[in-house]
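Please report on the packing and the voids of this protein chain. Keep it brief.

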Amino acid sequence: MRTIRYMLCLGLLGHAVMGQAATHAAPTLDLIPMPAQVAKGQGAFEVNAQTPVVIGAGDAQAKLSADYLVAQLAQGHGPALKVQDTPAGAPAIVFKRDASAAVTSPEGYLLDVTPQGIRITARDDAGLFYGAVTLWQLLTAAGDKNDVKLAAVHIQDQPRFVWRGLMLDSVRHFQTTDEIRTIIDQMALHKLNVLHWHLTDDQGWRIEIKRYPELTRIGAWRTPPGAGADGEPKQYGGFYTQDEIRQMVAYAAERHVTIVPELDMPGHAQAAVAAYPELGVTGKRPAVSTDWGVNPYLYNTDEHTVQFLENVLDEVMTLFPSQYIHLGGDEAIKDQWQASAPIQAKIHALGLKDENALQSWMIEHFGKYLAAHGRRLIGWDEILEGGVPPSATVMSWRGIKGAVDAARQGHDVVLSPAPDLYFDSVQSTRDDEFSGRLPAMDLAHIYAFEAVPKELNAAQAKHVLGLQANVWTEHLPTIRHVQHAIFPRMDAIAEAGWSTKSARKWNSFVARLPAQFERYRSAGVEVADSAFAPSFDFDRNAAIATGKAKLSLSNQAHAGVLRYTLDGSEPTASSPRYTQPLAVNLPTTVRAATFSTGGTVLASARERMLDRDSLLTRNSGELLNCPGSDFTLRVQPMPDATGVAPVYNLNVFDACRRYPTARLDGVQSIRVDVARLPRNYALAHEAKLVKSHPAATAHGELVVKRDRCDGPIVATLPLPAVDGPRNFTLQGAMAPTKGTHDLCLIFTSPIEGPLYAIDKAALRVEPTP
């Protein structure tokens with residue numbers, strides 16, 4: 001598959017707050033997100049350990065923001081400041097609440113740096129907090145320093161949208177509370193204000209419900225495929241106690257982040273049904289699912305189950321004071337309902353049209369239940385099917401159509417479309433990229449996302465609350481994977497949610513990232529360098545033929561300074577700067593890295609070996625899908641891997657990979673390194689799309705065909721028994737062929753068996769050993 005507390009206090013339901021004019025006379029400031037208005041002043045102010053931080057007497061909330069600034073600077077080895085509530089006799093940093101402040105929007109603030117001091121002014125607590133965040137960024141833009149001179153500046157700032165969210169899936173893979181706190185910390189420093197926490201699904205139930213202890217005793221744990229072998233745990237899971245959740249909610253609230261919990265219904269219910277089989281349609285107890293995708297288990301709709309879910313929601317609402325409760329509503333395939341006589345009788349008794357209408361009835365029931373408790377329902381865009389309660393808010397994930405339809409019907413909406421804002425999508429197609437989904441959603445694509453669909457008129461656009469990035473964790477098994485997926489794309493989503501549309505400039509954004517990368521390093525945060533990682537471009541076949549290559553270097557962002565070496569040494573900020581294609585003779589090893597103009601490392605060194613063997617080899621990421629299917633996952637050997645490598649590109653619908661433009665002159669054999677993977681994918685109605693390649697032998701074979709997937713066979717490599725090693729090598733002779741051709745590499749094993757992924761496919765000019 002893919003509180004809003006200040007809103008309640010101010011009586012806002014979350015309509016878009018449009019920013020004011022674009023920046024004017026703006027100095028270069030390393031701030032993300034970019035403020036609404038920035039103007040240069042005259043002179044400067046130096047902040048050091050003697051600079052007092054002053055708040056109004058008795059202003060507890062102002063003290064929280066001031067203390068937060070001081071703590072963040074201390075953590076980053078900045079000036080050691082102290083907070084006081086008495087007027088300073090010297091220039092100071094002043095936090096002041098002012099009901100007459102020029103910024104009238106919730107969360108807005110004024111920040112003035114003058115030779116006489118620094119003043120942060122706001123009407124509300126969130127505004128003071130975000131002013132503190134901006135000042136922290138100003139003070140850390142030049143790295144860790146005890147004395148920082150700030151140029152005079154006037155900042156008038158407020159958010160464009162009131163919902164600036166990140167969804168974290170803690171079901172498919174579990175994060176510790178400390179790991180989630182780190183994410184919350186970074187959300188606050190990016191002015192994101194909603195953590196949508198996905199807590200229940202087929203693969204686990206992660207929230208303690210005291211009335212129903214089996215939900216976590218049974219439902220929180222699964223037995224993985226290959227349990228206990230090759231590092232795969234015998235059981236995988238975990239859950240959050242109610243005390244841990246209360247602490248997490250309070251921690252987030254201190255940072256003006258609201259946690260919105262999600263409990264899926266009526267689908268994605270397998271873990272709950274595993275704990276309490278009577279909640280399901282069949283009455284049978286399934287295992288907690290180990291399969292990613294769409295599983296068939298739904299809640300039934302009898303009185304007992306409805307009461308169960310109401311009781312669960314009662315406990316959830318005591319833990320989460322958020323205005324919204326997310327009830328899922330997505331990917332509920334209705335096969336079990338269609339086959340159930342009691343469910344069909346219920347549809348008839350209620351006078352409903354079909355199963356979609358029954359889902360709508362169920363969602364409407366719980367929407368009313370939430371409303372009776374002062375809460376609001378939000379759900380994925382499937383809740384529109386069959387009708388939806390007027391008070392429901394729609395989160396659009398299947399593109400933007402759900403948002404457009406919902407806004408036209410008068411519903412508030414949050415834009416969260418796949419794949420555009422799905423952070424489990426990989427950041428590049430590089431072979432050293434972490435696991436995730438394809439296509440790649442690079443930094444520039446995320447940055448360019450516009451949350452207000454052009455199909456909406458001005459009145460309809462007011463229903464757009466904002467936007468949200470989603471971090472589904474099927475293929476993100478550790479916090480390192482999660483952080484790599486989030487950062488630096490969080491910077492892009494933060495600016496898309498906060499800054500005015502006219503203030504968003506890609507070149508400016510990229511120029512502000514080096515300072516942000518330094519902040520990440522100081523905080524110990526894993527940050528992907530995919531946008532800046534050097535790529536090596538050359539004509540592979542020409543290099544094989546001539547022994548020479550014309551090598552071009554580039555990166556995704558088209559930014560930074562590329563530096564290289566040709567002797568295998570590590571590039572440094574003083575290495576030769578790449579300015580034009582390099583003429584190199586084979587064999588050679590090229591290493592390149594990307595630096596900012598100030599020498600900050602933006603991407604670590606990448607290496608490209610140029611010799612005949614490497615040029616005749618394609619790694620997993622360099623192999624392409626065969627024609628007919630564009631579905632690709634980038635996966636690891638086991639579902640619950642603890643490292644980040646190896647990683648394989650895989651199409652679960654077609655066990656065929658294409659080796660493009662192979663120069664076959666003189667090639668006598670092929671060697672393929674293969675990984676056997678578990679087939680743990682629940683494809684539901686899409687299972688019919690899996691392409692079968694009949695096997696000629698008991699275990700199947702890897703068949704290599706020339707030009708087309710129905711072309712002539714040039715090699716056949718039998719597969720070993722499935723109880724053998726997970727990783728193995730196939731090699732064999734190839735039929736002599738001249739010229740350049742595509743090769744189709746097809747696994748013919750039964751589709752109910754394991755999956756096979758190619759690590760490397762190498763053509764050899766020597767015979768098979």
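## Pocket, cavity and cores

Strand β27 contributes four residues to the lining of the largest pocket, the most of any element. Strands here are DSSP E runs of at least two residues, helices are H or I runs of at least four, and both are numbered from the N terminus. The model is predicted, so local features need pLDDT of at least 70 and side-chain atom pairs count only at pLDDT 80 or more, while totals for chains, interfaces and linings use all residues. Residues are numbered from 1 along each chain as its sequence is written, and side-chain values use heavy atoms, with hydrogens and water left out.

Both kinds of void come from a 1 Å grid over the protein atoms alone. A cavity is a set of points where a 1.4 Å probe fits but cannot get out; a pocket is an open set with protein on both sides within 12 Å along at least five of seven lines. Lining residues have an atom within 4 Å of a point. Points are joined across faces, edges and corners, and a volume is the space filled by probe spheres set on them.

| Largest cavity | about 180 Å³ | 21 residues |

Nearest the cavity centre lie Asn-651, Asp-654, Ala-655, Leu-755 and Tyr-756. Strand β39 gives the most to the cavity lining, with four residues. β39 (755-764) also supplies at least two residues of the pocket lining.

Now the cores. A nonpolar core is a set of buried Ala, Val, Leu, Ile, Met, Phe, Trp, Tyr and Cys residues joined through side-chain atoms within 4.5 Å. Buried means under 20% relative accessible area, with a 1.4 Å probe and protein chains only. The largest core has 113 residues; Trp-205, Leu-215, Phe-320 and Phe-532 touch the most other members. Helix α8 (residues 303-319) gives the most to this core, with eight residues. Another core, of 41 residues, lies apart from it and includes Tyr-756.

Strand β9 (residues 194-198) has five of its five residues buried. Val-194, His-196 and His-198 cover one side, Leu-195 and Trp-197 the other. β9 runs parallel to β8 (residues 163-169), joined by five bridges. Five bridges also join β9 to β14 (residues 258-265), again parallel. Strands pair if DSSP finds at least two bridges between them.

Key: Buried means under 20% relative accessible area, exposed over 50%, partly exposed in between (1.4 Å probe, protein chains only).
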